[in-house]
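Reader: I have not looked at this structure before. Please take me through it in questions and answers.

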Amino acid sequence: VLPGNAVLVRTMYTLYWMVIAAGLALYIVVGLTVE
Amino acid sequence: MRRALFENGLSICFGALFLITLCGQSLAGQRTHNAEQLAHGGDQVSWLDYVLSPSFGGAVMENWQSEFLQFSLFILATVWLVQKGSNESKPLDSVGLESKQKQRLEGFAPENAPRWAKSRGFARLVYENSLLTAMALVFFATWLAQSLNNWREFNAEQLAHDGATVSWARYLWEPDFWERTLQNWQSEFLAVGTMAIFTVYLRQRGSAESKPVGAPHEETGSSG
């Protein structure tokens with residue numbers, strides 16, 4: 001496996017976690033604050 | 001670069017589809033919301049205001065939680081439950097956590113195994129359950145987020161109709177919360193059960209989700 005290819009796999013893994021965490025954080029804040 | 005894209009086709013394709021459909025949902029949702037506002041003499045909201053509203057937040061989170069519940073239960077159930085002939089099932093004689101040799105743990109771990117698979121302590125216990133743990137944590141967090149957003153929306157509607165507002169804890173007992181929750185769960189369970197039993201008799205040539213076309217119906221888990 002070339003190093004460059006493994007990097008994109010790790011990047012996609014990180015991106016998915018970031019999207020999930022961002023969505024969760026946003027809507028927990030919205031749910032806690034918006035009247 | 002082309003090779004790298006090819007090797008990540010599934011995550012890139014579904015990530016892009018997710019972003020496109022989420023944008024579509026927000027645009028369609030804003031229009032619906034504004035049409036209702038117009039009919040009831042309320043204020044129009046911008047796209048950004050709608051995206052940051054409990055109405056959109058609740059709609060997104062209730063679908064997220066049900067998907068993560070689906071996969072959490074599927075991961076857990078397929079350790080202990082089997083379906084004869086299904087591509088979604090392990091072979092019938094592999095029920096349970098399986099041997100260290102079969103799971104390539106400790107001394108059976110190959111040179112390039114994940115570091116924690118080679119360990120013997122708490123780290124390995126965490127790692128050998130990490131997929132279920134991650135999916136279940138996201139499920140509970142998104143379910144919490146859904147409840148908070150649905151609660152805000154519920155109270156806003158109560159106020160608009162001169163009804164009494166309720167606390168978050170009280171809202172968790174409201175039929176409104178359970179209707180929104182269960183309408184998502186039922187569809188996930190039907191889809192999982194359908195996949196478990198349909199893959200016994202039906203095929204898709206070339207798909208990892210199907211047995212090979214020529215595999216006999218009684219063959220269990222031949223590509224899973």
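Reader: What share of the accessible surface of chain B belongs to carbon and sulfur atoms?
Author: The model is a predicted one. The accessible surface of chain B comes to about 14100 Å². Of that area, the part belonging to carbon and sulfur atoms is 64%.

Reader: What share of the residues of chain B count as buried?
Author: To count as buried, a residue must have under 20% relative accessible area. Chain B has 224 residues, and the share that counts as buried is 33%.

Reader: How many helices and how many strands are there in chain B?
Author: Along the sequence, the pattern reads α-α-α-α-α-α-α-α-α. The count for chain B is therefore zero strands and nine helices.

Reader: Is chain B a compact globule or more spread out?
Author: For 224 residues the globule rule gives 17 Å. The radius of gyration of chain B is 23 Å, well over that value. The C-alpha atoms fill a box of roughly 65 × 40 × 40 Å along the principal axes. Compared with a compact globule, chain B is therefore more spread out.

Reader: How far apart are the end C-alpha atoms of helix H2 of chain B, and what span should its residues give?
Author: Helix H2 of chain B covers residues 9-39, which is 31 residues. At 1.5 Å a residue, the helix should span 45 Å. The distance between its end C-alpha atoms agrees, at 45 Å.

Reader: Which residues of H2(B) are buried?
Author: The cut-off for buried is under 20% relative accessible area. In H2(B), the buried residues are B:Gly15, B:Ser26, B:Gly29, B:Gln30 and B:Asn34.

Reader: How many disulfides are there over all chains?
Author: A disulfide needs two cysteine sulfur atoms within 2.5 Å. The cysteine sulfur nearest to that of B:Cys13 belongs to B:Cys23 and is 16 Å away, so B:Cys13 is in no disulfide. Likewise, B:Cys23 is in no disulfide, its nearest cysteine sulfur being that of B:Cys13. Over all chains, the number of disulfides is zero.

Reader: Is B:Glu174 buried or exposed?
Author: B:Glu174 sits in the loop between helix H8 (168-171) and helix H9 (175-201) of chain B. Leaving aside neighbours within four places in sequence, B:Glu174 is in contact with B:Phe154 and B:Val166. Its relative accessibility is 15%, and the cut-off is 20%, so B:Glu174 counts as buried.

Technical notes
Residues numbered from 1 in each chain as written. Chains lettered and ligands numbered in written order. Predicted model: local features only at pLDDT ≥ 70, side-chain atom pairs only at ≥ 80, totals over all residues. Heavy atoms only, no water. Helix = DSSP H or I, 4+ residues; strand = E, 2+ residues; numbered from the N terminus. Expected span 1.5 Å × (residues − 1). Buried < 20%, exposed > 50% of the residue type's maximum accessible area, 1.4 Å probe, protein only. Contact = heavy atoms within 4.5 Å. Rg over C-alpha atoms; globule rule 2.2 N^0.38 Å. Areas by Shrake-Rupley, 256 points an atom, 1.4 Å probe, with all protein chains shown as cover.
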